Structure formats: C-alpha cells, structure tokens
Amino acid sequence: MSIVLAGSYTPDSGGEGVGLTPLRLAGPVLTTEAAPVPASGASFLAAHPALPVVYSTHEATEGAVGAFALADRVTALGAPVGSGGANPCHLAVHPGGDWLLTANYGTDTLPGTVAVHRLDAAGRITARTDVVEHRGSGPVVGRQEGSHAHQVLVDPAGRFVLATDLGADAVFTYRLHPVRGTLERVAVNRLRPGSGPRHLAFAPTGDLVFSADELSSTVTCHRYDPESGTLAELSRVPATAAGVPNQPGGIVASEGFVRVTNRGADTVAAFRVDGTTLVPLGETPSGGTWPRGLTAVPGHVLVANQHSGTLAVLPVLDSGALGEPVATAAVPSVVCALAV
C-alpha cells in the first residue's frame, strides 16, 4: 500500500483542481485518502530524502515553491517562497537533503532559470542561495524564441546537477557547491535542433540517460559521462506510432525499459533497451486525455491525464509492456503524482 499525492493546476493557474489530493494505492485500487489540500499551481512534486516533507512548485508568472509536512494530514510547512523565476515547473531535492533545486520555465519574454534554496533541519525552505539564467533559442517558432528550463535533477552519482532546456535545445550541467549552495556551470550539452528536450530519465546503471523530446516527438538515448557531466546522442526513436500531432511528457526508466507519456496520441509507450537502442514494445491507452506526468510504483505506473482529470493505474506486464488501465481516480486538472 502507498499513499500518493496528486498535483493539479488550480483556477489561478488555468486549471480546475484544488492543488494536492491525497490518495491511497493498494495493489491496483486507487481511492481517495483525505480531502484535497489547497496549493496553487501544484505542477510538480518532490520528496525530501530523509524527512516526511514534500515540495511543490506553485506555477505562476511570479513563481513560488512550497513545503508540506506529511503526518496524519498534509499541512503547509511555512509560507511559499519565491522560486527565482517565472512558472516553476520542476523541482528536486539534493540527495543530502540540504538544497532544493527548481527549474523555472520562464515566459515568452522572461528566460528560463534554475534556482537553489537552502533547507533547514526540519525541511523548511529558507534562503535562496543562487539563481542561474539560461540563454539560447531554437528553430521552432512560438516555442523556442528563448530559453525554457523544464527539469532539474541530480545525476546518480550525486556529482552534477542537470537542467533540461526546451527552448535552447540543451541540457546544462552544473556543479553545486556543498556549503554556499551556488551553481557552477561545467558543460552545455547541445541536442538536436528543434528537439525541445523536456525531461530526462537515467538508466539504473547511470551510463545512459533518456530524453523525452517534446517538440520533435522523439525519445533519445544518450551516453552519460559521470566524470564530466556530458551527454552524447546514441540513438533515437519516435515517441508514438500514431499519426497525430504529439508531445511527449513524462518519462521513467527501469532496468532494461523506458516508458513515456504521449500528449496527443493519449498513450503511454513502452520501449525495451537493447544495448543503446530503444525497441518499441507498443502503446497503451493512458486512461484519459493529455497524459502528462508518469510515476513508477511497484508493478504499475501512474498516469496523470490533465485534460480528462483522471489519474490512471496501468500494470507493468512480464514483457515490460503496459496493460490497459485497471483503475482511475477523478482528480481535476491533474498533472503529476508522487508516491510517499
């Protein structure tokens, strides 16, 4: 049994949700655990590695991030603080538990940024210690006139911080100072023009990393060098076989498999990793429309279908492919989920 927090867009962020919805997952059964907790524009969630605390983006032009304590109920742990940019869309806690990293997408005129906040011993968000601004653009009109940071994550060795940028067709690599909480840029990995990298997922071995490329509707396998924090493209495949306009969203990787949501095709595609090549295993209906967030739990994946307002449970088959949805829960404007 797991407790799952689902995050939703709220009316002030263009959605119909409340914010955070606690759910209970027992096998394939998904039920409401408690009343939703107000949280403006809760578009991504991340857990503290050692404390019963969860962090949420508050996606808005004047972006913020918030902390929530997990006990008998979910409660805010202090007031939200400024995210260091516009429209925060992803965050991660450094494995040591001392730093919160946030990717701010930006706007048509404001660049994407990556910010660092210090966390205190109770997990509260305190001082912002750094903000770095991305620069760059790409060839896709209307989406790539400027930089748009879309994800921030720490590599498996804990050595580097990687930040994808959809607008710049790049993955920026940083080194986080363990005392000052500042970011030093060590590499800029240029990806294919017009690909629009959205999210990355590392293979458990740490030597491969897979990108969900939103604008080219592809999934790319890259070699990752843990000594330099650099990526090198090895292969890529279409994210969907459906002949419709499509934008890959969430991506997860496990031992030997990669899975990605397809907004447009309304499917979740599964791939087998064969060396450095992705072999399609098929696509499964997502259990709703516009599947965005994808969360791996034992034996299943959870799919946040934004436009239909459904969080769906899909079983992982012995082949590595996904079965048809076995359960759904109604969560208006749901875009992400986190098992805690």
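Visitor: Which residues have the most contacts inside the largest nonpolar core?

Guide: This is a predicted model, in which local features need pLDDT of at least 70 and side-chain atom pairs count only at pLDDT 80 or more, while totals for chains, interfaces and linings use all residues. Residues are numbered from 1 along each chain as its sequence is written, and side-chain values use heavy atoms, without hydrogens and water. A nonpolar core is a set of buried Ala, Val, Leu, Ile, Met, Phe, Trp, Tyr and Cys residues joined through side-chain atoms within 4.5 Å. The largest one has 17 residues, and those with the most contacts inside it are V114, V161, Y174 and L183.

Visitor: Which strand gives the most to this core?

Guide: Strands here are DSSP runs of E with at least two residues, and helices are runs of H or I with at least four, numbered from the N terminus. Two or more core residues come from each of strand 11, strand 12 (113–119), strand 14 (149–154), strand 15 (161–165) and strand 16 (170–176). With four residues, the most is given by strand 16.

Visitor: Which residues is Y174 in contact with, leaving aside neighbours within four places in sequence?

Guide: Contact means heavy atoms within 4.5 Å. With those neighbours left out, the partners of Y174 are V132, H134, F160, V161, A163, L183, E184, R185 and V186.

Visitor: Does L101 count as buried or exposed?

Guide: L101 lies in strand 11 (residues 99–104) and touches, beyond four places in sequence, H90, L91, A92, A115, V116, V152, V154 and V161. Buried means under 20% relative accessible area, exposed over 50%, and partly exposed in between (1.4 Å probe, protein chains only). Because its relative accessibility is 0%, L101 counts as buried.

Visitor: And G96, buried or exposed?

Guide: G96 is found in the loop between strand 10 (88–93) and strand 11. Its C-alpha is 9.2 Å from that of H48, 48 residues apart in sequence. Since G96 has 54% relative accessibility, it counts as exposed.

Visitor: How many strands does the protein chain have?

Guide: Buried residues make up 56% of the 340 residues in the chain. The protein chain has zero helices, and its strands number 30.
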